[in-house]
Amino acid sequence: MTVGDAAGSESSSDRIVRAFAQFIGAGYIFYLLLLLPNIISFAGYLWTWWTPVAVAVVFGSGLWLGAAGVREGAGRIRTVAAVAATAYMGIALTWPLAWVGPPSPDRTGFWLVLFPGLAALAATLAWPAGIAVGYLLVATVAVQVFNHGSHVGRVNGPLLPDIMFGFMFCLLFVAAAIMALRTGRILDDTRATSHEAAAHAARAAARLAERKRFGALIHDHVMATLLSAARLGAGPAVSRQAKHAIVRLDEFRNPAPDDDFDAKTAVAHLRTSATAVAPSIAVRADLEPQAMPASLPAEAVRTIGAAVSEAVRNSMLHAGEKAERSVSVRIRPGQLKVEVLDNGRGFDVSAVSPHRLGVAVSIVGRLRQLPGGDAVVESQPGRGTRVLLSWRASE
């Protein structure tokens, strides 16, 4: 995994840790270049070996932290940050032991005094907020006390105001870092909660869709078969309808694979959906060889097929014995249209209750839940019924 791949899977808080590590590393480079004259001027007051070791330990650990922010994960960055913060504090505490010269008349502060806040930012990455603030306080007091003790007179002003100013000034940056890290953690928690809620909603939607599908299956096949048997009595048509209902129930338990349909297979499926209910119904197909699509989505063909069965069934039950029925299928690239017509009794579409499963759920509702699907039912008393089922691929 490359660094870019790793960054793509990081949490928000880890990305903030990485950014702060790079910022702190850049700060150590800046202070090293800025304070190099100061470091050289004070070297004569200290053990000969102490200054090179102190510079290597303090700035080396800071540069290591910046490099870790580029290449390492958040856990390793926090470990290196702890090393950098500990290195600064350790060198600061050995400073008075290494001082061998007389008090300095230099009015500029000793180089360690000028960036305790940078080390405190490293401590913020490594440890909890309370420890980081305590670290800043201890580091600021220590370097200010040692700085005053190593200079002639009170060239830097009173000790307490220097401590207060140094601590409060650095605390602004430490507090900002603490808030940024806390914001990252809150964002991660919010994202996790949102993902959990989305997954719960998806599971609920899937259960609802399954219940609707099962309800439509029971209405379209089981209840319709029982109703046909009650009205028409035992006969070949009812027997075929019952067998078809058993097949569909078995398909619900063991769903068929969702392979796409070619145009001819789609027509065969739609013809079967219609003739399973009315064996003598005329099914016409409008296929232009030069405009034939390579395939049609299985979901679209099966959904429209189920709606065709329901539309034909409604016609058989309500249009009248003398009504003539037909199904027309038209297939074009990215389009599938099926028209179910009868010249029977007809009905007032506006008077149909929206709670009627046959029209509202099994035809209109079913198609409008299909992406790109639509259904229109047109009818008037005495003028027959037209059901138009359509699907169009999204662009």
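Modeller: Buried means a relative accessible area under 20%, and exposed means over 50%, with partly exposed in between. Please keep in mind that this is a predicted model.

Biologist: Then take Ser 150: is it buried or exposed?

Modeller: Ser 150 has a relative accessibility of 5%, so it counts as buried.

Biologist: Where does Ser 150 sit?

Modeller: Ser 150 is in the loop that runs between helix 6 (129-149) and helix 7 (159-232).

Biologist: And what is Ser 150 in contact with, leaving aside its neighbours within four places in sequence?

Modeller: With those neighbours left aside, the contacts of Ser 150 are Trp 95, Trp 99, Pro 103 and Ser 104.

Biologist: Let us step back to the whole protein. How many helices and strands are there?

Modeller: The protein has 11 helices and five strands. It comprises 395 residues, and 41% of them count as buried. Its accessible surface is about 20700 Å², with 64% of that belonging to carbon and sulfur atoms.

Biologist: What share of the contacts with a separation of 6 or more comes from residues 24 or more positions apart?

Modeller: Such residues account for 75% of those contacts.

Biologist: On to helix packing. At what angle do helix 2 and helix 5 pack?

Modeller: The angle is about 160°, and the axes are 10 Å apart. Angles over 145 degrees count as roughly antiparallel, and helix 2 and helix 5 are therefore roughly antiparallel to each other. Helix 2 passes helix 5 in a left-handed crossing.

Biologist: Which residues meet there?

Modeller: From helix 2, the residues are Val 17, Phe 20, Ala 21, Phe 23, Ile 24, Gly 27, Tyr 28 and Tyr 31. They meet Leu 118, Ala 119, Leu 121, Ala 122 and Leu 125 of helix 5.

Biologist: How far apart are the axes of helix 2 and helix 3?

Modeller: Those axes are 7 Å apart, and the packing angle is about 155°. Helix 2 and helix 3 are therefore also roughly antiparallel, and their crossing is left-handed. Among the residues that meet are Ala 21, Ile 24 and Tyr 28 in helix 2, and Val 55, Phe 59 and Gly 62 in helix 3.

Biologist: You listed Ala 119 in helix 5. Is Ala 119 buried or exposed?

Modeller: Ala 119 is buried, because its relative accessible area is 0%. Apart from residues up to four places away in sequence, Ala 119 touches Tyr 28, Ala 85, Tyr 88 and Tyr 135. The C-alpha atoms of Ala 119 and Ala 84 are 6.9 Å apart, although 35 residues separate the two along the chain.

Biologist: Where is Trp 127 found?

Modeller: Trp 127 is in the loop between helix 5 and helix 6. Its relative accessible area is 28%, so Trp 127 is partly exposed. Leaving aside neighbours within four places in sequence, Trp 127 is in contact with Ala 82, Ala 85, Thr 86 and Tyr 135.

Biologist: Finally, Ile 16. What is its relative accessible area?

Modeller: The value for Ile 16 is 22%, so this residue is partly exposed. Ile 16 is found in helix 2. Its contacts, leaving aside neighbours within four places in sequence, are Ala 180, Leu 181 and Gly 184. Ile 16 and Leu 125 are 9.7 Å apart, C-alpha to C-alpha, and 109 residues apart in sequence.

How values were computed
Residues are numbered from 1 along each chain as its sequence is written. This is a predicted model: local features need pLDDT of at least 70, side-chain atom pairs count only at pLDDT 80 or more; totals for chains, interfaces and linings use all residues. Side-chain values use heavy atoms; hydrogens and water are left out. Helices (H or I, at least four residues) and strands (E, at least two) are DSSP runs, numbered from the N terminus. Buried means under 20% relative accessible area, exposed over 50%, partly exposed in between (1.4 Å probe, protein chains only). Contact means heavy atoms within 4.5 Å. Accessible areas come from the Shrake-Rupley method with a 1.4 Å probe; for residues, only the protein chains shown count as cover. Axes are lines fitted to C-alpha atoms, for helices over the stretch in contact, and angles run from 0 to 180 degrees between N-to-C directions. Angles under 35 degrees count as roughly parallel, over 145 as roughly antiparallel, 65 to 115 as roughly perpendicular and the rest as oblique. A crossing is left-handed if the near helix is turned anticlockwise from the far one by less than a right angle, and right-handed if clockwise.
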